[in-house]
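Please read the following briefing alongside the sequence and the coordinates shown here.

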Amino acid sequence: MVQQRGDLYQAEEFFMEALKINDSLGLKGNTTKLLNNLNKLRKKIDNTIIRKNIEEMHISFPPTFPCAWAAEWGQDQYGLWQAFNYQDVFHAFRWIQPGNFLMGSPNNEDGRYDREDQHHVTLSRGFWLAETPVTKKLWDVVMQDDSPSSIKGGQLPVATVSWNNCQNFIQKINLFHSDFRFSLPWEAIWEYACRAGTTTAFSFGNKEDLNLERVNYSGQWSDFESNAKTKPVKTYPPNDWGLYEMHGNVFEWCQDIWQENLGTDAVIDPYQEVQNDQNVRRVIRGGARGSKGEICRAAFRSVHVQDN
C-alpha cells in the first residue's frame with residue numbers, strides 16, 4: 001500500500017513537470033489532458049488501496065464503488081463512505097455489509113414493550129445508508145418552496161414531516177441522477193444499522209450508559225420533556241458503523257407497514273410490499289428530542305399514520 005501511494009506521488013511530480021513545460025509552450029489543450037490523466041490515476045490508485053484494505057478485513061465490498069453519482073468517497077475507521085453534492089450540499093452514505101442479528105429485545109431488557117419480539121434476522125445484501133438524517137438544508141434545496149418542516153436551520157435534521165412528505169422528497173431527489181435509487185430503510189435494516197453489531201439496549205450500552213452527552217432525549221428514563229430542542233446532525237458520537245443520532249433527536253420513518261408483532265421465527269430479508277393506501281400506518285424508530293429514554297432504545301418500535 002505504501003508503494004502504491006509512492007507511485008502516485010512520483011506520477012504527480014512527473015505531471016507537474018510536464019505541466020510547466022506545456023505552460024511555457026502555450027499548449028493549453030495538452031495541459032488539460034494531463035490534468036485529466038492525473039485525476040484518473042489518483043482515483044484508480046485510491047480505489048485499489050481501498051479495495052485491498054477491504055479484502056484484508058474480509059468484509060463484503062459493494063458491487064460498484066464509487067457509484068457514478070459520488071462527488072467524494074473514501075475509507076475511514078468506520079468503513080467505506082461516499083457522498084453526493086447537490087447545489088453545494090453534501091450528503092454522505094455508509095456501506096453496511098450483509099449479516100445477521102437478533103432483532104427485538106430480550107424479556108429482561110429495561111423499558112421493553114411487548115411488540116419487540118426477539119428473533120433472528122438475516123440480511124443477504126449489503127446497502128448504503130445515509131450517515132445522518134436528511135438535513136434541513138438538503139430538504140430545502142430539493143423541495144424548494146414545498147417544505148412542511150417547522151424547524152429552521154441548515155444542519156438541523158428535517159422534522160415534523162409525514163411519511164408521504166418523505167416519499168415526495170425521495171421522488172424528487174431520485175430525478176437528479178439516473179443512478180439514484182434512494183428509499184426509506186426497511187425496519188429490519190434500520191435496527192441492524194442502529195445496533196452496529198451490538199446486542200445491548202443502545203449501540204453504546206444499556207440504561208446505565210444513557211446520558212445527555214450521547215443522546216438528545218428528555219434526560220429521564222420514564223418521562224418526556226416538552227420543551228426539548230432538536231440538535232444539529234453530528235452533535236453526538238456515531239455508532240461503530242459511523243452512523244449519527246440513531247438514538248434520539250428526531251424519529252425516523254421506515255418504509256414498512258406497521259405490524260403489531262413481528263413474531264419469533266427466524267427470517268431472511270423481511271421486506272414488505274408497499275401499499276399506497278393513505279390511511280396505512282407506518283413504522284417510526286429511534287426516539288426524538290424530549291422522548292423518554294426507554295423510547296430511544298434500538299428495539300423500540302412505534303407507529304404513525306403515513307399522511308400525518
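**A buried asparagine, a helix and a sheet**

The side chains of Asn 249 and Asn 216 are joined by a polar contact of 2.7 Å, a polar contact being a pair of N or O atoms within 3.5 Å, where within protein one must be able to donate a hydrogen and the other to accept it, and where residues adjacent in sequence count only if both atoms are side-chain atoms. This is a predicted model, in which local features need pLDDT of at least 70 and side-chain atom pairs count only at pLDDT 80 or more, while totals for chains, interfaces and linings use all residues. Residues are numbered from 1 along each chain as its sequence is written, and side-chain values use heavy atoms, with hydrogens and water left out.

- Asn 249 lies in the loop between α5 (187–195) and β7 (252–257), helices (H or I, at least four residues) and strands (E, at least two) being DSSP runs numbered from the N terminus.
- Asn 249 is buried, with a relative accessible area of 2%, where buried means under 20% relative accessible area, exposed over 50% and partly exposed in between (1.4 Å probe, protein chains only).
- The side chain of Asn 249 also reaches the backbone nitrogen of Lys 231, at 2.9 Å.
- Leaving aside neighbours within four places in sequence, the residues in contact with Asn 249 include Pro 157, Thr 230, Gly 287 and Arg 289, contact meaning heavy atoms within 4.5 Å.

**Helix α4**

- In α4 (residues 163–173), the buried residues are Trp 163, Cys 166, Gln 167, Phe 169, Ile 170 and Ile 173.
- Seen down the axis of α4, these buried residues fall within an arc of 160 degrees, so they line one face of the helix; the arc is that of the directions from the helix axis to the C-beta atoms.
- The buried residues of α4 pack against β2 (79–86), α3 (136–143), β7 and β9 (281–285).
- At the start of α4, a side-chain oxygen of Ser 162 comes to within 3.3 Å of the backbone nitrogen of Asn 164.

**The sheet**

- An open sheet is formed by 3 strands in the order β7-β9-β10, with antiparallel pairing, two strands being paired if DSSP finds at least two bridges between them.
- The edge strands, each pairing on one side only, are β7 and β10 (302–305).
- The antiparallel strands β7 and β9 are joined by 3 bridges, and Arg 282 in β9 is the bridge partner of Ile 257.
- The antiparallel strands β9 and β10 are joined by 4 bridges, and Arg 282 stands opposite His 304 in β10.
- Of the 5 residues of β9, 4 are buried, so this strand is largely enclosed by the rest of the structure.
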